[in-house]
Amino acid sequence: MQNCGKTTFKRTSIDKLMNTLVLWIFGFLLCMGVILAIGNTVWESWTGKHFQEFLPGDDSHTNAVFSGFLTFWSYIIILNTVVPISLYVSVEVLRLGHSHFINWDCKMYFGGTNTPAERAAKRITTPLNIVITFHKKKTACVDFSFNPLRDTKFKFYDGNLVEAVKQADPIVQEFFRLLSLCHTVMPEEKSEGNLVYQAQSPDEGALVTAARNFGFVFRARTPETITVFEMGQSVTYQLLAILDFNNVRKRMSVIVRNPLGQIKLYCKGADTIIFERLDVSNLELMDITSEHLSEFAGEGLRTLALAYKDIDEDYFDVWMKKYDYVSTSMESRDDQLAALYEEIELDLKLLGATAIEDKLQDGVPETIACLNLADIKIWVLTGDKLETAMNIGYSCNMLRDDMNEVSSFQETHCWKCNNSSTAHIGVGISGQEGMQAVLSSDYSFAQFRYLQRLLLVHGRWSYFRMCNFLRYFFYKNFAFTLVHFWYGFFCGFSAQTVYDQWFITLFNIVFTSLPVIAMGLFDQDVNDRNSLRYPSLYKPGQMNLFFNKQDGSNLSDQQAFAVTIATSLVIVVNVQIGLDTHYWTAINHLFIWGSVAMYFALQFALQSNGVFGVFTSYFPFVGTSRNTLSKLNVWLVILLTTVVCVVPGLVVSFLELTCSPHKQTRFVTCS
């Protein structure tokens with residue numbers, strides 16, 4: 001547990017703004033409570049005393065200040081609905097739905113490896129076939145039939161190297177021996193001779209497979225030994241130490257003892273790092289190898305340098321004692337180990353170099369070009385040589401001929417780079433680069449080109465829906481609560497509720513919850529084809545433009561007034577969400593108009609004579625809806641209220657579209 005890093009809770013800009021708004025709303029609730037409490041104090045002092053003769057109160061009403069104090073807390077309770085407590089649950093429901101839309105998107109499914117897009121880091125067990133490509137001039141394919149343990153899918157076109165191995169050239173054999181020993185690959189032999197290598201990276205798997213075909217077959221590994229079949233003979237090496245690779249060292253070494261008792265160190269890593277540690281007798285070979293590496297890097301190949309060293313027995317015994325001591329140290333262990341590694345990885349003998357083609361997936365250049373049009377900034381972090389990085393940059397449209405400056409930054413300090421687990425959003429590509437990024441990512445899929453659909457379609461839709469959901473959620477809560485605030489000026493600031501208590505309970509749970517959820521799940525202003533066709537539609541989200549800090553028979557009684565206001569409120573908020581919905585589905589229709597129908601059904605049911613007869617004290621609004629909603633003038637009030645509440649928003653939207661085109665329209669025109 002001590003090795004675990006600090007877990008960072010990921011929050012979007014909308015989350016941060018939402019938290020800020022909730023705090024402001026809570027402050028607004030306190031202000032409303034104070035205003036109404038002051039109003040109660042004034043009313044009790046000036047007017048309330050005249051009602052004591054026929055409406056005698058308790059001792060609290062004789063003290064206007066104390067009455068105002070009690071009224072403050074009463075209104076805090078009544079008006080607490082303005083604070084969107086259920087908002088966070090609803091937001092998580094929407095995010096769960098949005099993540100399932102990504103999982104169910106058939107256009108982000110890759111049939112080649114049977115890999116769908118996935119939300120959150122999950123263990124993926126689909127086997128990935130390693131494609132090994134050697135960048136050589138193709139002549140006749142080399143015959144590896146002399147090796148019964150060869151990989152039949154392996155192709156190679158330079159017979160000279162094979163002949164050198166067969167003729168037992170010591171340098172060539174040491175080269176492939178290093179490849180078969182210096183790695184972290186785990187072998188799996190499903191049947192006799194049927195070897196499958198599990199590698200952390202495709203590069204390691206490719207190099208071990210190459211050594212296998214040239215007669216140095218990595219066969220088995222234990223914590224103390226490594227078994228290699230060298231030209232048909234089983235050879236077991238004693239594994240003495242592993243000097244791990246990291247981003248600072250940029251190399252890996254193993255120390256082994258061969259059957260003859262000789263101790264050898266095998267090292268592979270970045271050419272600049274290896275060259276610094278070579279024996280002075282290797283300078284000429286280093287110059288030749290460096291020229292070859294520059295040529296390989298210019299062709300976009302990833303390169304490594306290989307070197308080895310014979311170690312004296314006495315020297316190794318002393319070094320090993322230091323190593324065992326430092327390995328158990330509790331203070332500065334990493335620094336001490338690094339110093340020990342530096343000590344023994346000196347005076348190396350250069351064996352040669354490897355170069356592996358970094359083949360791009362289909363659609364990478366087109367995807368990067370599209371993301372650039374969406375004004376998405378793209379950085380590429382690589383440990384390759386500058387020539388390799390430039391070649392890859394040109395091949396994937398990151399670099400263009402009209403760019404004059406390309407800079408190389410050499411690391412002088414140890415930097416902690418954000419990986420997919422610490423980034424705002426981590427996306428793992430389950431391609432040939434292993435599964436580490438996938439396992440620590442928020443989203444994963446098999447092809448880089450799917451990133452275009454993830455961001456420009458699902459990402460944009462999610463932002464658009466979430467912003468509309470939040471605006472409407474705050475709107476309906478304010479519409480519901482401010483009626484109580486306004487009514488306080490007409491009821492002597494007595495904290496009298498204007499609504500039926502069951503309407504208060506069911507308003508957010510039943511009458512208005514499903515329409516806003518439907519909008520947050522299914523609404524879309526443009527379809528997926530236009531989202532991909534016009535990448536600049538992604539820009540408003542980057543600028544936070546959609547959601548920010550700037551966006552009875554006698555009808556004179558209180559119960560009839562409450563039913564009229566409640567009915568108007570339900571109709572207004574559902575009509576408003578209908579007008580704000582851009583993309584109608586059957587579910588939207590069902591949730592919006594079904595919520596209105598549910599309101600009327602429950603109103604008539606809860607205010608019926610039968611329910612009142614059974615639960616007299618809980619449903620006092622007996623017959624109110626039946627009497628009130630049967631009057632034409634009530635429906636006229638509801639109609640006028642709806643028009644007054646809705647039309648101003650329509651007028652503003654019309655004027656914005658007519659006089660000042662929407663920002664999205666401008667972005668589409670510019671693109």
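# Reading helix packing in a predicted model

Thr41 lies in helix α1, where helices (H or I, at least four residues) and strands (E, at least two) are DSSP runs, numbered from the N terminus.

Me: What should I know before reading this model, and how are its residues numbered?

Reply: This is a predicted model, where local features need pLDDT of at least 70 and side-chain atom pairs count only at pLDDT 80 or more, while totals for chains, interfaces and linings use all residues. Residues are numbered from 1 along each chain as its sequence is written, and side-chain values use heavy atoms, with hydrogens and water left out.

Me: Which residues does Thr41 touch?

Reply: Contact means heavy atoms within 4.5 Å. Leaving aside residues up to four places away in sequence, Thr41 touches Ala64, Val65 and Gly68. Thr41 and Phe66 are 25 residues apart in sequence, with their C-alpha atoms 8.1 Å apart in space.

Me: How do I read the packing of α1 and α3?

Reply: Two packed helices are described by the angle between their axes and the distance between the axes. Axes are lines fitted to C-alpha atoms, for helices over the stretch in contact, and angles run from 0 to 180 degrees between N-to-C directions. Here helix α1 (residues 13–46) and helix α3 (residues 64–78) cross at roughly 145 degrees, their axes coming within 8 Å. The crossing of α1 and α3 is right-handed; a crossing is left-handed if the near helix is turned anticlockwise from the far one by less than a right angle, and right-handed if clockwise. Among the residues that meet are Leu29, Gly33 and Thr41 in α1 and Ala64, Gly68 and Tyr75 in α3. By class, this contact has ten nonpolar, seven polar and one charged residues. Ala, Val, Leu, Ile, Met, Phe, Trp, Tyr, Cys and Pro count as nonpolar, Asp, Glu, Lys and Arg as charged, and the others, Gly among them, as polar.

Me: What is the angle between α4 and α15?

Reply: Helix α4 (residues 87–103) and helix α15 (residues 450–488) pack at about 160 degrees, with axes 11 Å apart. The two are therefore roughly antiparallel: angles under 35 degrees count as roughly parallel, over 145 as roughly antiparallel, 65 to 115 as roughly perpendicular and the rest as oblique. The crossing is right-handed. Residues making the contact include Leu94 and Phe101 of α4 and Met466 and Phe473 of α15. This contact has eleven nonpolar, four polar and two charged residues.

Me: How does α15 pass α16?

Reply: In a left-handed crossing. α15 and helix α16 (residues 501–511) pack at an angle of about 165 degrees, with axes 11 Å apart, and are therefore roughly antiparallel. Lys476, Asn477, Phe480 and His484 in α15 meet Phe503, Ile504, Phe507 and Asn508 in α16.

Me: Where is the pLDDT below 50?

Reply: pLDDT is the predictor's confidence in each residue, from 0 to 100. Where pLDDT is low, the predicted coordinates should not be read in detail. The protein averages 79, and 82% of the residues score at least 70. Residues 121–140 have pLDDT below 50, and this stretch has 40 contacts in the model beyond near neighbours in sequence. Residues 552–556 are also below 50.
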